[in-house]
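Thank you all for coming.

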Amino acid sequence: MMRFVKSVYHGWWILGGAVVAQFVSASIGFMAAGVFLEPLVEDLRIQVWQFALAVATANALGGVAVFVLGPMVDQIGPRRIMLFGAIFGSVGLAGLSMQSTFWQFFLLQGMSSALGWTLFGPLVINATLTKWFIARRGWALALGSTGVSFAGLITPVSMTIVVDSVGWRAGYLVMA
């Protein structure tokens, strides 16, 4: 009986962590990009296509990285991978707040999204949920994925307020 209670207790923590991780990864990965577009393009004097190229390239690199990441999740587990993702994401976002040229923006966008977002994003979370929840796997995946929906509701509005109030550099620091 005690083993069952402990399993349920840990399951709720894993599910809550999945919601938070999905929220953060979706916010960094794609929900907040549009908020930074206009002020960053104006301040750095770059073209909109350059901004879009950096964001799209980072997301594409993340898509390629999952082929390497998938087997790693099975071998070493999600904790270390997610820790490195959080570090890369935070350092990349902090760097984005201080950058001043297109090539710096391009590299730091890649660090925060391609490495950060991918290493603690849906691939790692969904693999963990499917291993932990056997009987109620669909329910756990659905509930764990609500973080993505919350990111779509909360992040653009809150980050618009931050960027409009204190600027895009502070906005990247808040996200970091």
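This is a predicted model: local features need pLDDT of at least 70, side-chain atom pairs count only at pLDDT 80 or more; totals for chains, interfaces and linings use all residues.

Ser97 is buried, because its relative accessible area is 6%, and buried here means under 20%, exposed over 50%, and partly exposed in between, with a 1.4 Å probe and protein chains only. Residues are numbered from 1 along each chain as its sequence is written, and side-chain values use heavy atoms, with hydrogens and water left out.

Ser97 belongs to helix H4; helices are DSSP runs of H or I with at least four residues, numbered from the N terminus. If we set aside neighbours within four places in sequence, Ser97 is in contact with Arg169, Tyr172 and Leu173, where contact means heavy atoms within 4.5 Å.

Arg169 also takes part in a salt bridge, its side chain meeting that of Asp43 at 3.7 Å, N to O; the term requires a side-chain nitrogen of Lys or Arg within 4 Å of a carboxyl oxygen of Asp or Glu. Because Asp43 lies in helix H2 and Arg169 in helix H9 (residues 168–175), the pair ties together parts that are 126 residues apart in sequence. Asp43 counts as partly exposed at 40% relative accessibility, and Arg169 counts as partly exposed at 29%.

How many salt bridges does a search of the whole structure find? The search finds two, and in the one still to be described the side chains of Lys131 and Asp74 meet at 2.8 Å, N to O. This pair links distant parts of the chain, with Lys131 in helix H6 and Asp74 in helix H3, 57 residues apart. Lys131 is partly exposed, with a relative accessible area of 48%, whereas Asp74 is exposed, at 55%.

Turning to H3 itself, this helix covers residues 48–76 and bends by about 40 degrees at Phe67, with a proline, Pro71, following within four residues; the bend is the angle between axes fitted to the seven residues ending at a position and the seven starting there. Among the buried residues of H3 are Gln50, Phe51, Gly62 and Val73, and what covers the buried residues of this helix includes H2, H4, H5 and H6. Just after H3, Gly77 takes a positive phi of about 85 degrees.

Terms used:
Helices (H or I, at least four residues) and strands (E, at least two) are DSSP runs, numbered from the N terminus. The expected span of a helix is 1.5 Å times one less than its number of residues.
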